[in-house]
Amino acid sequence: MTDIETPTGAGPRRREPSAWAVGWTVFAAVMMAMVGTWHAIAGLVALFDDDFFTRVQEWVFDFDATTWGWINLILGIVLVIAGAALITGSVAARAVGVVFAAISMVAAFAWLPYYPLWAILIVAASVAVIWSLTIHGRDITAGT
């Protein structure tokens, strides 16, 4: 709860965080953990089986599958940790969540030729996370 001034000057009153805002922030935390898990799975698959992902067309970001495996694995671990920290209402976790969701979106877009459907799902989930955290993220910290 946060203190806000009343218009009559009668002193501060307590404001409860919006249930919608808290719900969307929890949604963002869960989606971050899911996107992180998707990245980690894709990374592990690329590391253990280089031939699983076949590039369907030439692309600007011409990394081999092992490089993409490490990128996805590290990004996935960071997203899962940030998603777990976001549940605590940490403002820092919210900022990290927005930054890493944006990085996740760019990485998934660059990874598009290797596994298009998976990449599009990650981009869409990352957009939902960024929207949730930037529109409603502050209210979850009001109760802490």
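Predicted model: local features only at pLDDT ≥ 70, side-chain atom pairs only at ≥ 80, totals over all residues.

Colleague: How far does α2 reach from its first C-alpha to its last?

Modeller: Helix α2 has 22 residues and reaches 31 Å.

Colleague: At what angle do α2 and α3 pack?

Modeller: The angle is about 155 degrees, between α2 (residues 65-86) and α3 (residues 91-110). Their axes are 10 Å apart. That angle makes α2 roughly antiparallel to α3, because angles over 145 degrees count as roughly antiparallel. The crossing of α2 and α3 is left-handed.

Colleague: Which residues make the contact?

Modeller: From α2 come W68, L75, V78, L79, A82, A85 and L86. From α3 come A93, R94, V96, F100, A101, I103, S104, A107 and A110.

Colleague: How do the residues of that contact divide into nonpolar, polar and charged?

Modeller: The contact of α2 with α3 has 14 nonpolar residues, one polar and one charged.

Colleague: Why do residues three or four places apart in an α-helix point the same way?

Modeller: An α-helix has 3.6 residues a turn, so residues three or four places apart point the same way. Keep that in mind for the contact list: L75, L79, A82 and L86 are among the α2 residues.

Colleague: Which residues of α2 are buried?

Modeller: Buried means under 20% relative accessible area. In α2 these are A65, W68, G69, N72, L73, L75, G76, L79, A82, G83 and L86.

Colleague: And which residues of α3 are buried?

Modeller: The buried set of α3 is A93, R94, G97, A101, S104, A107, A108 and A110.

Colleague: How does V99 count at 46% relative accessibility, and where does it lie?

Modeller: V99 lies in helix α3. At 46%, V99 counts as partly exposed. V99 is also 31 residues from I130 in sequence, with 8.4 Å between their C-alpha atoms.

Colleague: Where is A102, and what is its relative accessible area?

Modeller: A102 is in helix α3. Its relative accessible area is 30%, so A102 is partly exposed. A102 and V123 are 21 residues apart in sequence and 8.9 Å apart C-alpha to C-alpha.

Colleague: How does W70 count at 47% relative accessibility?

Modeller: W70, found in helix α2, is partly exposed at 47%. Between W70 and L44 there are 8.0 Å in space, C-alpha to C-alpha, and they are 26 residues apart in sequence.

Colleague: Where is D49 placed?

Modeller: D49 is in the loop between α1 (19-48) and α2. With a relative accessible area of 36%, D49 is partly exposed. D49 and T66 are 17 residues apart in sequence, and their C-alpha atoms are 8.6 Å apart.

Colleague: Zoom out. In what order do the elements run from the N terminus?

Modeller: The order is β-β-α-α-α-α. The chain has four helices and two strands. Of its 144 residues, 37% count as buried.

Colleague: How much of the contacts with a separation of 6 or more comes from residues 24 or more positions apart?

Modeller: Such residues account for 70% of those contacts in the chain.

How values were computed. Residues numbered from 1 in each chain as written. Heavy atoms only, no water. Axes fitted to C-alpha atoms, helices over the stretch in contact; angles between N-to-C directions. Parallel < 35°, antiparallel > 145°, perpendicular 65-115°, else oblique. Left-handed = near helix turned anticlockwise from the far one by under 90°. Contact = heavy atoms within 4.5 Å. Nonpolar A, V, L, I, M, F, W, Y, C, P; charged D, E, K, R; others polar. Expected span 1.5 Å × (residues − 1). Buried < 20%, exposed > 50% of the residue type's maximum accessible area, 1.4 Å probe, protein only.
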